Amino acid sequence: MIRRLEMHLTYGCVQGCVFCSESSRLARFRGAHLRAAEVARVLAVKRRQGCDHLTLTGGEPTLHPGLPAVLAAARRLGFKTYVTSNGARLAEAGYARLVLPLIDELCLSVHGDDAELHDSLTRCSGSFGRLRRALAAARCRRKLFLLTNTVVTRRNWARLEAVLRFILARPGVRHCLLSQVAPEGRGAQDYGRQAVPFSWWRRKLPALARLAERRGAVLRVFGLPLCALGKRQDCSNDLYFSPRVTVERGGAGLRETVSLRPTRRRVQPPLCLRCALRQDCGGVFRRHLAEFGTAGLRPMRP
Ligand code: SF4
């Protein structure tokens, strides 16, 4: 049974991140937020089908005028609520007071450790300041499970340890996700210039994982094959993936996509046939292979 429901609630954002994987869909459906009746119908149907965990994403879900009502309705139906956000509106004290009590798990996007780096990646002046205020508001809510997501590019790679230290210095952060650039939207436009090669990840990941663990947090990575993680394969998000159904705008109505494995846009090239990890590994982004070839892959001996 699929228990996770992911809903793309909005098609708008105040930022313009250089790696935004949703940029094409945001342009196509600009402003066409999911309507209250559409959301209510999906929640009721999916709850009956067994879903009990709701992820609200976008675009930026806090821009949806009905977000508090959606969260309250989901809670009443028995969903655990998870929201991904760049902090846009959670920086406003009144809005944070209204919405945070309705969220069980909040994931805030942190791409730099200062305004210069973060704002240059989000292409939005003031975004780091808003993010800091959102982080501060979230830490006041003890019951909230607070996560962060950092999209890792060649522009923040050299500062990644500092970014992680910044995150871990915020009280309440329990889970840090580092994401490879996803080759969709703007992330696809110049993937080769933005994405970090696997050999770099393999060298740096153990120290980053230790840093998080020393502070009592969990470090996970998204979008990388297991062999790119060296001895820290336990950090792969692939190993903890739960099947999900994604609901988003598509054409005239809504579109549903079921994901049983973390293999979206990823493949295992022929050399993986001799790898002992291939059942658990989500593979490599097809685009990564096109840009970098198989040089960074290390099939594991049985
Ligand atoms: S060699 Fe292939 S199957 Fe093995 S860990 Fe790497 S990408 Fe995954």
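**Buried residues, cavity and pocket of the predicted model**

Cys51 is placed in the loop between α2 (36-48) and β2 (53-57). In this predicted model, the relative accessibility of Cys51 is 2%, so the residue counts as buried. Cys51 and Val163 stand 112 residues apart along the chain, and their C-alpha atoms are separated by 35 Å.

Two asparagines were examined for burial and side-chain contacts. Asn156 is found in the loop that runs between β5 (145-152) and α7 (160-168). Its relative accessibility is 0%, and Asn156 therefore counts as buried. The side chain of Asn156 reaches two backbone oxygens: that of Val151 at 2.9 Å, and that of His111, which lies 3.0 Å from a polar side-chain atom of Asn156. Asn149, by contrast, lies in strand β5 itself. With a relative accessible area of 16%, Asn149 falls under the 20% limit and is therefore buried. The side chain of Asn149 makes a polar contact of 2.7 Å with the side chain of Ser179.

Rolling a probe the size of a water molecule over the atoms shows where empty space is left. The structure holds one cavity of 30 Å³ or more. The volume of the largest cavity is about 120 Å³, and of the 14 residues that line this cavity, Pro225, Cys227, Cys272, Cys275 and Cys281 are the closest to its centre. Sorted by class, the lining of the largest cavity comprises 11 nonpolar, two polar and one charged residues. The ligand sits in this largest cavity. Around the ligand are Pro225, Leu226, Cys227, Gln268, Cys272, Cys275, Arg278, Cys281 and Pro299. The shell formed by these residues divides into seven nonpolar, one polar and one charged.

Two elements, α4 (93-99) and α6 (127-139), each give two or more residues to the lining of the second largest pocket. The largest share, three residues, comes from α4. By class, the lining of the second largest pocket has seven nonpolar and four charged residues, with no polar residue.

The peptide bond from Gly58 to Gly59 is cis, with omega near 15 degrees, and Gly59 is placed in the loop between β2 and α3 (67-77). Arg123 has a positive phi of about 55 degrees, although this residue is not a glycine. The position of Arg123 is in the loop between α5 (115-122) and α6. The relative accessible area of Arg123 is 51%, so this residue is exposed. A positive phi, of about 60 degrees, is also found at Arg265, again not a glycine. Arg265 lies in the loop between β9 (253-259) and β10 (266-267). Because its relative accessible area is 41%, Arg265 is classed as partly exposed.

Key
Residues numbered from 1 in each chain as written. Predicted model: local features only at pLDDT ≥ 70, side-chain atom pairs only at ≥ 80, totals over all residues. Heavy atoms only, no water. Helix = DSSP H or I, 4+ residues; strand = E, 2+ residues; numbered from the N terminus. Nonpolar A, V, L, I, M, F, W, Y, C, P; charged D, E, K, R; others polar. Near = heavy atom within 4 Å. 1 Å grid on protein atoms, 1.4 Å probe; cavity = no way out; pocket = protein on both sides within 12 Å on 5 of 7 lines; lining within 4 Å. Sits in = over half its atoms within 2 Å of the grid points. Buried < 20%, exposed > 50% of the residue type's maximum accessible area, 1.4 Å probe, protein only. Polar contact = N/O pair within 3.5 Å; in protein donor to acceptor, adjacent residues only side chain to side chain. Points joined across faces, edges and corners; volume = space filled by probe spheres on them.
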